[in-house]
Amino acid sequence: MSLTNESVVVITGAASGIGRALAVRLAREQITGIAISDVNENGLNETARIIQSPNLRVSTHIVNVSDLKQMQNFRDEMMQAHGRITHLINNAGVALFGTIEEVSLEDIEWLMSINFWGTVYGVKLFLPILREQPVAHIVNLSSVFGMIAPPGNAAYSASKFAVRGFTEALRHELKDTSVAVSCVHPGGIATNIARDGKVGEKASDKEKEESVKYHTKLSRTSAEQAAEIILKGIKKRSKRILVGMDAHLIDIVNRLTPENYLPALDLLSGGQMSEMAKKMGK
């Protein structure tokens, strides 16, 4: 069994969205503890309140995953609170709006430091502890934009492709160990990641508004549904976890026509893909 009453799960980015939904869902499992982290203290405390249970040890940690020192402190505090970790879910992530010409180098560095380096820090710091467990699991959140790269999403796609590559190599390296490794590719999920995203240096707020509008329109999977799918993947120790019918569709189309997936997806989405691309990457 991947999850047992001895399991202790770490979740980053747990103040809202998929991270919170995962914490809530995992709290219903017969596990020992959950350590949740985020930069949003109020949201994190609300998650802790929701999952509070007499038989579950919950610890909260205010952490910026892009800061190595904070991540080191997180590891140490988490170990003091729980004594071990069996499951690491690197979920924290941010969005950035603008074409390559509209976003600055600082914008890209900011996004990569959270989406990619936050995942790297989590794995590097917690892996030695996970290796000591009889059964352990690393779950890294990529995206469907870690499979395709629509215009207006160069930085975000770069970070999610990087997470995918890092995770797949890690999985191969750990194949003969007790540590399973999963890469998660969510499609459109009804969370606030787009609404909370950063506008590139030369991009306009109107572009963000249009992008949020289309993200909302195309996001047909709830965070709760996403959490359920991810949990099933964890229990099966799946290597790849596709979240949402759109993720499965994108995966298939990308395999069939890797050079022309946008026109194909546009045809299947009734023109919505090209309209979104027009708004995001004009």
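A: Start at Y121. It is buried, at 18% relative accessible area. Here buried means under 20%, exposed over 50% and partly exposed in between (1.4 Å probe, protein chains only). The model is predicted, so local features need pLDDT of at least 70 and side-chain atom pairs pLDDT 80 or more, while totals for chains, interfaces and linings use all residues. Residues count from 1 along each chain as its sequence is written, and side-chain values use heavy atoms, without hydrogens or water.

Ring pairs come next. There are 5 aromatic pairs in the structure. Rings of Phe, Tyr and Trp (its six-membered ring) pair with centres within 6.5 Å; planes under 30 degrees apart are stacked, over 60 edge-to-face, the rest tilted. Take the pair of F74 and F126. Their ring centres are 5.7 Å apart and their planes stand at 75°, so this pair is edge-to-face. F74 sits in helix α3 (residues 68–82) and F126 in helix α5 (residues 117–130), so the pair ties together parts 52 residues apart in sequence. Helices (H or I, at least four residues) and strands (E, at least two) are DSSP runs, numbered from the N terminus. F74 and F126 are both buried.

Now the pair that Y121 makes. The ring centres of W117 and Y121 lie 5.7 Å apart, with planes at 40°, so this pair is tilted. Both residues belong to helix α5, 4 residues apart, or about one turn of the helix. W117 has 41% relative accessibility, so it counts as partly exposed. By contrast, Y121 is buried at 18%. Ring pairs also join F116, W117, Y121 and F166 into a cluster.

Helix α4 (residues 105–115) has its own buried set: D107, L111, M112, S113, I114 and N115. Helix α5 is part of what covers them. The cover also includes β5 (96–97), α6 (154–173) and β9 (198–199).

On to the sheet. It is open, with 7 strands in the order β3-β2-β1-β4-β6-β7-β11 and parallel pairing. Its edge strands are β3 (57–62) and β11 (240–243), each of which pairs on one side only. Neighbouring strands are turned by 15° against each other on average, direction ignored. Axes are lines fitted to C-alpha atoms, for helices over the stretch in contact; angles run from 0 to 180 degrees between N-to-C directions. Two strands pair if DSSP finds at least two bridges between them. Strands of a sheet pair through backbone hydrogen bonds, either parallel or antiparallel.

H185 has L242 of β11 as its bridge partner. Helix α1 (residues 17–26) lies across β1 (8–11), β2 (33–38), β4 (87–90) and β7, at about 165° to β1. Contact means heavy atoms within 4.5 Å.

Strand β1 runs parallel to β2, with 4 bridges between them. I11 has I36 as its bridge partner in β2.

I36 lies in strand β2 and is buried, at 0% relative accessible area. Leaving out residues up to four places away in sequence, I36 touches I11, A14, A23, L44, T47, A48, S59, T60 and H61. I36 and T47 are 11 residues apart in sequence and 8.5 Å apart in space, C-alpha to C-alpha.

V24 gives a view from helix α1, where it lies. V24 is partly exposed, with a relative accessible area of 27%. Beyond its neighbours within four places in sequence, V24 is in contact with I50 and I51. V24 and A227 are 203 residues apart in sequence, yet 8.8 Å apart in space, C-alpha to C-alpha.

Last, the whole protein. It has 11 helices and 11 strands. Of its 282 residues, 53% are buried. Among contacts between residues at least 6 apart in sequence, 71% join residues at least 24 apart.
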